[in-house]
Amino acid sequence: MTVAPEGRRRVAVTGIGVVSPVGVGREAFWAALLAGKSGIAPVSSFDTSRFKVHLGAEVRDFDATPFCRRLDSGELGRASLLAVAAARLALADAGLDPAALAPETTGVAMGTTSGEPLEIERFDDALLGAGREGVDDGLATRYPCHRIPGQIAAELGFGGVNIMLPNACAAGNYAVAFARDTLAGGRAEVMLAGGADAFSRITYTGFARLGAIATDRCAPFDRERQGMVPGEGAGVLVMEPLEAARARGARVYAEVVGYGLSCDAHHMTASHPEGEGPARAMLQALADAGLQPADVGYISAHGTGTATNDRLETLAVKRAFGDAAARVPMSSVKSMLGHTMGAASALEAAVCCLVIADGWLPPTINYQHPDPECDLDCVPNVARRQPVRVAMNNAYAFGGANASVLFAAAAP
Amino acid sequence: MSPEIRVVVTGAGVLSPLGDSPAALHRALCAGTSVLGPVEGFAVDDLPVRRAVELRGFDPARYLGDANFRPLDRTGLLAACAARLALDDAGWSAERVAGAELALLVGTMYGSVKTIAEFDRRGLEAGPLYVKPFDFANSVINAAAGQTAIWHHLRGPNSTVSSGNASGLQAIALGADLVRSGRAAVAVAGGAEELCLESFLSFCRAGALGDGDETPRPFDSRRHGFALGEGAAFLVLESATGAAARGARVLAEVRGHGAAFDPSQGREPAGGAAAVARAVRLALAAAGCEPTQVSAVSAAASGARNADAREAAGLAAALGERAATVPVTAPKGLLGECLGASGALQAAALLAAMAAGELPGVPGYEAGEAGFPLRSARATPTSVDLALGLVDAVGLDGPCCALLLGRAAEA
């Protein structure tokens, strides 16, 4: 079922690097998620007194200096710093020394929602403060979002393909899909793929204005859910051809066996009312992998915790999975991580890999009131021991971009 | 995966200060028309640089009909209009599009940094309750891709691509891959970038816009920096068999592409040149072509002091002896540096050059530094039997992309 078409190489995930609101590094991240630990707390990085909401999922006390060995950490934006840290952690987790990798065939694909929004904030603070005289070159040098994968490659010395796919909250999945095709087609030997975003007042202001932010808890799929909680972080996967990974005796978390991409072409911030686009992405991913809905043992939900997302996402899974939907566990780690924006689907891709490798499902925490419109198995409140062979990672973005990626235990 | 799927270009759309079709852009480039002028879109009187290549009098209704454009910002409108022109050129009517799942790839460096910054300033000045939800929807970098997909009902894979100045060309490369792998039957791929205070002021502060308002001189030893421009361009890519089945006119074939990165991010000349060379070599290898087969090069050179030198050295390394004889054009001398749209504009212009058998020159070029390897560079147009065109995109800070377009007759 997971045999690659002729001439295409199978692609494995061999390293996981995470900087998240619940912890830095794969082990801390996974232990926290299985323990149902939340990274959500009152916002500390800016004053929220003018807002009606105050919760955020920030990465606190993050020190980038140990991760920036070649670059000057003072010259990088925060999302780039989070990303560089996650990249180094992922390589270490994969047992790869960056200096030992062939620079020309090692590439980076990243996703983001906002790039380096703190640079825009600095620009605006300067403009409204000292005026134009106070503005520096930050928007030309540090802000552009391609700097995030660029800084990873600069820090690690990689000269292969380097791309940012800034597809908002589905961006990490697009990056993993791009890396998979790049490796499968022989255009790179190792790819770092993931996503990163920095916590910002811009993002916070926007979601607050939409009335989308939860006042006191993030409770996806709960009837009394209040909304999402903006967050930040970075997740990076090390991906390489399965054969090469096995040849070097690497631990293989999972194989990337398929993906599907679609666009609602319906509304910028509202999903299609019948979940048409997301269902199409799921079905494409299944077809790409040669799998049936019943083969899927776990879904990492987009699961933001807003009234609309969770209802329509449930509808979309039913539309794609049919009867099998009732039997597949689908949890939302955003209940603990908040919505880390461009990092979200990368962190959730890491979750899918860990579910397959470890045989535990992370819970949806804060779940109290069943909602008939969100009636799938959300693994309420407590992690569950359950072997999984195939996991699907679903992500949906502003602009109507949908992406589903399928991971599977690597069969011989 | 069907490696035998060949990818052809069936349409091209251009919105630029030099014209709103590939042919018009090509004619202006050949004529050496410069529209570099005082910026009108925002106040510049207190800035060291006051001129840019600005798209003036842009009226989206001319391309999209009379409609409510309020939900779209300038970047979104540039993308939606140029995509419309490309779809029309390829014969993809709205009815035909509705029955398919077209992919959309939008290269952009900034999205609309203006929209995001104004949204933030409104929140700061009026308070967070007074920002506009419309503006927030456009505050994601992929807003133009979402808006364009909605406008034209493009329901296939939808991705924004950011590789700095190489974004637009990288988007075309990704679109070609989606078609080649069978993931999309048709892809609309290109780039869009708007001129705005936010990026203009920051590039001024970075000193990248050189010593003022003189016309840029790509590759010339007297070059002094680039001018900022704006615009959008898209190509329609589809499988050769699909195009043939619907009787579509084929403009060219995407023969191959390559991408590389300079980990010194533009700081080390040798590393930068090597990245340019790797991207070009990968494109040639993917196309199964030799440097001697390259009929012309559309260079990324913009008048930037260091980036132009890196590109010339990289092209020389990859093309070998052919570098001395290959005809070269550098559209950014007249278009300005359109950032994420540049590579797509170059590709669209090269398609017109292919059809016309004439390659525009390198604006303002008289002589490069001693040993400048692209010895056939000249300011005036050259007659060229353009069977295989190389489009080169070079980022200021690392990303490089090269793409080969083959004439349809050779496809």
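This is a predicted model: local features need pLDDT of at least 70, side-chain atom pairs count only at pLDDT 80 or more; totals for chains, interfaces and linings use all residues.
**Exercise 1: a helix pair across two chains**

Work out how helix α3 of chain A and helix α5 of chain B are arranged relative to each other, and which residues meet.

*Solution.* Start with the axes: those of α3(A) (residues 117–128) and α5(B) (residues 113–126) come within 10 Å and cross at roughly 55°. Roughly parallel needs an angle under 35 degrees, and roughly perpendicular starts at 65, so α3(A) and α5(B) are oblique to each other. As for handedness, the crossing is right-handed. Now look at who meets whom: α3(A) brings A:I120, A:E121, A:F123, A:D124 and A:L128, while α5(B) brings B:V113, B:I116, B:A117, B:D120, B:R121 and B:L124. Sort the residues of this contact by class and you get seven nonpolar, four charged and no polar ones.

**Exercise 2: the wider contact between the chains**

Find how many residues each chain puts into the contact, and which element of chain B gives the most.

*Solution.* Count each side: 62 residues come from chain A and 64 from chain B. Then go through the elements of chain B that give two or more residues; among them are α5, α7 (143–152), α8 (167–180), β8 and α11 (269–287). The top contributor on this side is α5(B), with eight residues.

**Exercise 3: a strand and its partners**

Decide how enclosed strand β1 of chain B is, then track down the strands it is bridged to.

*Solution.* Begin with burial. Nine of the nine residues of β1(B) (residues 7–15) are buried, so the strand is largely enclosed by the rest of the structure. Then count bridges: eight join β1(B) to β7(B) (residues 231–239), and that pair runs antiparallel. Another three join β1(B) to β8(B) (residues 252–261), again antiparallel. For a handy landmark, take B:V7: its bridge partner in β7(B) is B:S239, and in β8(B) it is B:V254.

**Exercise 4: the surroundings of one alanine**

Is A:A79 buried or exposed, and what is it in contact with beyond its neighbours in sequence?

*Solution.* First place the residue: A:A79 sits in helix α2 (residues 78–94) of chain A. Then apply the cut-off. A residue is buried with 20 or more other C-beta atoms within 10 Å; A:A79 has 34, so A:A79 is buried. Leaving aside neighbours within four places in sequence, the contacts of A:A79 are A:T112, A:G115, A:E116, A:I148, A:A196, A:D197 and A:A198. To finish, check a distance: A:A391 is 312 residues away from A:A79 along the chain, and their C-alpha atoms are separated by 28 Å.

Definitions and conventions:
Residues are numbered from 1 along each chain as its sequence is written. Chains are lettered from A and ligands numbered from 1 in the order in which they are written. Axes are lines fitted to C-alpha atoms, for helices over the stretch in contact, and angles run from 0 to 180 degrees between N-to-C directions. Helices (H or I, at least four residues) and strands (E, at least two) are DSSP runs, numbered from the N terminus. Angles under 35 degrees count as roughly parallel, over 145 as roughly antiparallel, 65 to 115 as roughly perpendicular and the rest as oblique. A crossing is left-handed if the near helix is turned anticlockwise from the far one by less than a right angle, and right-handed if clockwise. Two residues are in contact if their C-beta atoms, placed from the backbone, lie within 7 Å. Ala, Val, Leu, Ile, Met, Phe, Trp, Tyr, Cys and Pro count as nonpolar, Asp, Glu, Lys and Arg as charged, and the others, Gly among them, as polar. A residue is buried if 20 or more other C-beta atoms lie within 10 Å of its own, exposed if 12 or fewer, and partly exposed in between; C-beta atoms are placed from the backbone. Two strands pair if DSSP finds at least two bridges between them.
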